[in-house]
Amino acid sequence: MQGMVNRTPLAGPGPAMKTATVGMLPRLVLLLAVTQSLGTHKSVMLVMGQTVTGGGSWRLLLENAGIASMHTAVTRFNTVIFLDRTNIGESQISLPKGRCRNNPQDQKATRDCSAHSVMFDPSANTVRPLFIFTDTWCSSGQFFPNGTLVQTGGDNEGLRKVRTLKPCLASETCDWVESNDTSLQNGRWYSSNQLLPDGRMIIVGGRQVFTYEFIPRRAAEGTFELPFLQQTNDAQNDNYYPFVHLLPDGRLYIFANRDSILLDYSTNTVVRTYPQIPGEPRNYPSAGSSVMLALDSANNYNDVEILICGGARFGAFRNSAAQFGASQTCGRMMVTGISPRWAMEEMPTRRCMGDMILLPTADVLIINGAQNGSQGWGFASLPVLNPVAYLPGNALGSRFLTYRASTIPRMYHATAVLIPDGRILVAGSNTHQFYTFTGAFPTELRVEAFSPPYTASVYSSHRPRFISYPHQVRYGQAFSVVIGLATAPSNGTVVNLNLVSCPFTTHSFAQGQRLLKLGVTPPVDTGVAQQYRITVTAPPRATVAPPSYYMLFANNNGLPSRAVWVQIS
């Protein structure tokens, strides 16, 4: 059996939470190594024990989604796109009406009548099969300003492909379209995408590809060399899926392996080089994760902090049999500071292949992953079943809370995304080359949701809800929303309005993820019972919030509403 039971709690009782919404007595959760038999899911090993300091709950939403989602994205219609690779053989869900995929270049099944992408409806916990033709293995993506999901690259015949999906209601029949007119100029496998202020998309890096390019590209526009990607390459290629973040000044922070730069892509100039992060490599295959912490109107969106957590020991990928322990550290840096440097912190436990998701409260959830090994087929063990919250506003040493554990290991090729009701949707995990339903870590087709403590029904009377709001706002516009509050806000109470993007999540990095704390006025009684008006100021420019659809959350003292969709343009 892989992994031993950890009989020692990895973290003592944590600090009090910054809000009353999730303060709970510490309690020890110890999961012994057991074997479960759940339909096709056999020999699932549960081996993680941690001290729970923050609560939360889990719910299984769907026993069999048909595919293991390697790539996941939430659409403005409240549906979720799951996407696997195609050269994996038949999935567990058929294409409709006898449709089949006949692709002589496919490396596993040249005729395949199963789907490798589905649309999941969280309101009904159902899926609808989608048709994808070329291989999307380890590809990248992002939403265009009009809400179209753009998906780029992959392996084999998919290396240069550009695919689009114009999202629709769950009851409608939108599907993937593979372009015959637009293709990538470099084949890109393991690249990262970022939506730009002008509405175009930049695609950075890939396997042994040290360039970036744009879609749509301008007339006669080629690719651009980025020597930084070659400089951060090492013997095990720890610069795949570089972490790319658009800063509010319009330049790009790019992190690969252990190093990072500030790139002015408009002039193809590296304008700043940052200190190397201590510890282990952080990118694929060493599998840390990265977020840009919330951008705040209180400082005119000028202060930008990057948080990078987890990773794998150098050599873990090349010597998977050793099962080296993963990184336990996070590095945090003010990249807009005069003299940036990494401030290092320790997570409650080691973790590689974790997903870092910005919550509506502007906290960070770290979820999924393993304590040992690296990314790769069968290269990791000892799954981390407990999510961890990182509270950026708390003092150093009191920023982590450990939440209740799932019973489902989520390691290589697992995903996690924030959905509009504030839950975290978790899908995928396949540590095998093909679908395999035996052994310690079988291919995972189940879909579950983690509910942070702020979703608990005990807080329902304090949770705001939107009564009215604009569906589209312009940069710098002052606009009003009306929210419902069952309990009247006290004098001076501020209900925050947070704008959250919809990233494309794969391989432990949510491409395009950002959260903005908007400028607001205190709520004013409208004269209608339990309804209050708030004046909000939209982001000032496209470099702060690229034009797109965003989830807008009202946040009342740590209790977020259900999100509404607003287009920023």
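Which residue is the bridge partner of leucine 149 in E14? Leucine 165 holds that place.

This is a predicted model, where local features need pLDDT of at least 70, side-chain atom pairs count only at pLDDT 80 or more, and totals for chains, interfaces and linings use all residues. Residues are numbered from 1 along each chain as its sequence is written, and side-chain values use heavy atoms, with hydrogens and water left out.

Strands (E) are DSSP runs of at least two residues, numbered from the N terminus. Two strands pair if DSSP finds at least two bridges between them.

An open sheet of 4 strands runs in the order E12-E13-E14-E15, with antiparallel pairing. Strands E12 and E15 stand at its edges, each with a single partner strand, so one side of each has no neighbour in the sheet.

| Pair | Residues | Bridges |
|---|---|---|
| E13 and E14 | 149–152 and 161–165 | 4 bridges |
| E35 and E36 | 414–418 and 424–428 | 5 bridges |

E35 and E36 form a hairpin with 5 residues between them. Glycine 422 in the turn has a positive phi of about 90°. Alanine 414 stands opposite glycine 428 in E36.

Asparagine 556 lies in strand E48 (residues 548–556). Asparagine 556 is buried, with a relative accessible area of 13%. Leaving aside neighbours within four places in sequence, its contacts (heavy atoms within 4.5 Å) are His462, Pro464, Leu485, Thr493 and Val495.

Methods. Buried < 20%, exposed > 50% of the residue type's maximum accessible area, 1.4 Å probe, protein only.
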